[in-house]
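Subject: Structure handover

Hello,

Here is the structure you were expecting. Please open it alongside this message, and my notes follow below.

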Amino acid sequence: MDYYSFYTGKEFEAYQYLGAHISKTGVTFRTFAPAASRISVIGDFNQWQETPMNKIYDGNFWECHIDEARNDMRYKYRIYTKDGSFVDHVDPYAFYSAAFPDVSSVTYDLSKYTFSDEDWMRTRKKCADGAINIYELHFGSWKQKKRSCYSYAELADLLIPYLKENAYNFVEIMPLSEYPCDNSWGYQATGFFSPTSRYGRPDELKKFVNQCHINGIGVILDFVPVHFALDDYALKNYDGTPLYEYPHSSIGYNEWGSCNFMHSRGEVCSFLQSSAYYWLHEFHFDGLRVDAVGNLIYWQGNKSRGENKSAIRFLQNMNMGLKERINDILLFAEDSSDYPGVTHPVEKNGLGFDFKWDMGWMNDTLSYFQSLPEERTDKYHNITFSMMYFYDEHYILPLSHDEVVHGKATIVQKMSGDYQQKFPQAKALYLYMYAHPGKKLNFMGNEWGQLREWDERKEQDWDLLKYPIHDSFHHFMADLNHIYLSYPALSKLDYSRDGFLWIDCKQEKNCVYVFERKDKTQRILVLLNFSNKKQTFCYQTAQPQQYKLLIASDMECYGGKRKYEKTELEFEKKQIVFTLSPFAGMYYLVKANEK
């Protein structure tokens, strides 16, 4: 490790030097703790008795080699402060952790596993000009076995066939960095280099990613560089002083009750970007979803408090450095702010992300569908507004875990009306979402109409699929996903104005929307009726057209009442009148008449 790079926030491989490193003669332990008066290593190898560490380099780093230490042994650092007191800390750079409630670090040899995903890694490329359909997953609550969690390896055998059957080509996993509480989403981390042991060993996580790649599925990891857990055995006051966090409570603590990283310190930046690189390089993750970017851009996420220049600079340096080292990864920003240039290149003063979550689209769309049908005339342009700003960034459309918790209701439950009316509206919503420009993200359970808000302690309500209304909704979502992946017009030109055309967005009284998605080879006509009444739409064309129905949300096979006896339509006239069922929509592939 280059010490100067470490101190100046330019190091990306600090984990190769710091932490516990196994050799034929034992284990070498190193840690960074400038304010410590002395440090010892305690663990299984010395019966939890102290083995002193020695100061090295400039006195801010500590090191010792223990002959008796081997792979898979627990340990901690006993860090003494100047007043003689001590706290036993886990290793910030540990590669593995003991199973909770034991909070020890564990020595681990990362070199044992051999990947076999060479074909995927060789052909992996950016997907900015293609379909990205992401299934967001909480590892411990998708499915469970007798109220316990599946391991990384076990879940691969269940999840991968499901993703392929339902046409998701990416899976995004909520944070896996070790965390202290079982009933957690993983956003309060204590081990930024340690996959949580709740689901198995690091090699099992590597196997999970490897199996996804062999089956053509990309894997994105939720990454949290904003804050860390308050637990005193972890990063907080690591060397007896605020080494990783701010010393002042006004900016040191946040709305989630955790410590904010101090990004003005080069050592902290090197720690975080080394963690990011570690997951991408050592585990072959295809990308990172960076959490709470708005809280990095602005102090405490509050625009009125001004920009956090140090954190912005950290994001730029991290994203640029990661791309220089692995140029085909994808970086997603979860950002609800209006800060410009989030997905612009760093050299053009952007933040360097590939995609940004479109929280405006999400809020406007869900607000619209929560409204009663008679109120939608006034909210008509909730649906059209997103295209006014869409080309400012490279957006992804998210219906994530945050929208199905904390009394917000699940996606289907948000729909206005009674139980029977909610499902056709939800189908119409998803038909609109998958035709709208931008990549897609859907949280687990949304695809079959989960009714209960997500609870990280319980598996999803798979029993709902025995009910026809949920089973038909699931069937609809699978077909919609397959169409999205199969027709380039729905994704190829997402971020080009040539890929989208409003046909009619002035039907306020009828709540009808019509537009085209297209690329150089295809045109798809999208017709949507978000009212509770049957509507008609007269489509004028410059020449006769042929129409092939790709999907309609009111089909009988999806629980609707309409029969489509002809899916191939051909008209010599230059206009066609489409009939639209209440709360329904359809996609038509459009071709010029060849006669």
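The notes below cover a helix, a pair of strands and some ring contacts.

Please keep in mind that this is a predicted model.

Helix α13 covers residues 419-435, 17 residues in total. From first C-alpha to last, α13 reaches 25 Å, close to the 24 Å expected at 1.5 Å a residue. Of the 17 residues in α13, 13 are buried. The N-terminal end of α13 is capped by aspartate 418, which places a side-chain oxygen 3.2 Å from the backbone nitrogen of glutamine 420.

Strand β15 (residues 177-178) pairs with β16 in the antiparallel sense, over two bridges. Across this pairing, glutamate 178 stands opposite glycine 191 of β16. In β16 (residues 191-195), five of the five residues are buried.

On aromatic rings, a search of the whole structure finds 77 pairs. One of them joins phenylalanine 139 and tyrosine 152: the ring centres are 5.2 Å apart and the planes lie at 70°, so the pair is edge-to-face. Phenylalanine 139 is in the loop between β11 and β12, whereas tyrosine 152 is in helix α3, so the pair links parts of the chain 13 residues apart. Phenylalanine 139 and tyrosine 152 are both buried. Tyrosine 389 and tyrosine 395 also make an edge-to-face pair, at 5.6 Å centre to centre with 80° between the planes.

Two charged side chains sit over rings. Arginine 38 lies over the face of tyrosine 80, 3.7 Å from the ring centre. Lysine 112 has its charged end over the ring of tyrosine 108, at 5.1 Å from the centre.

Regards

Notes
Residues numbered from 1 in each chain as written. Heavy atoms only, no water. Buried < 20%, exposed > 50% of the residue type's maximum accessible area, 1.4 Å probe, protein only. Helix = DSSP H or I, 4+ residues; strand = E, 2+ residues; numbered from the N terminus. Pairing = 2+ DSSP bridges. Expected span 1.5 Å × (residues − 1). Polar contact = N/O pair within 3.5 Å; in protein donor to acceptor, adjacent residues only side chain to side chain. Phe/Tyr/Trp six-rings, centres within 6.5 Å; stacked < 30°, edge-to-face > 60°. Lys NZ or Arg CZ within 6 Å of the ring centre and 35° of its normal.
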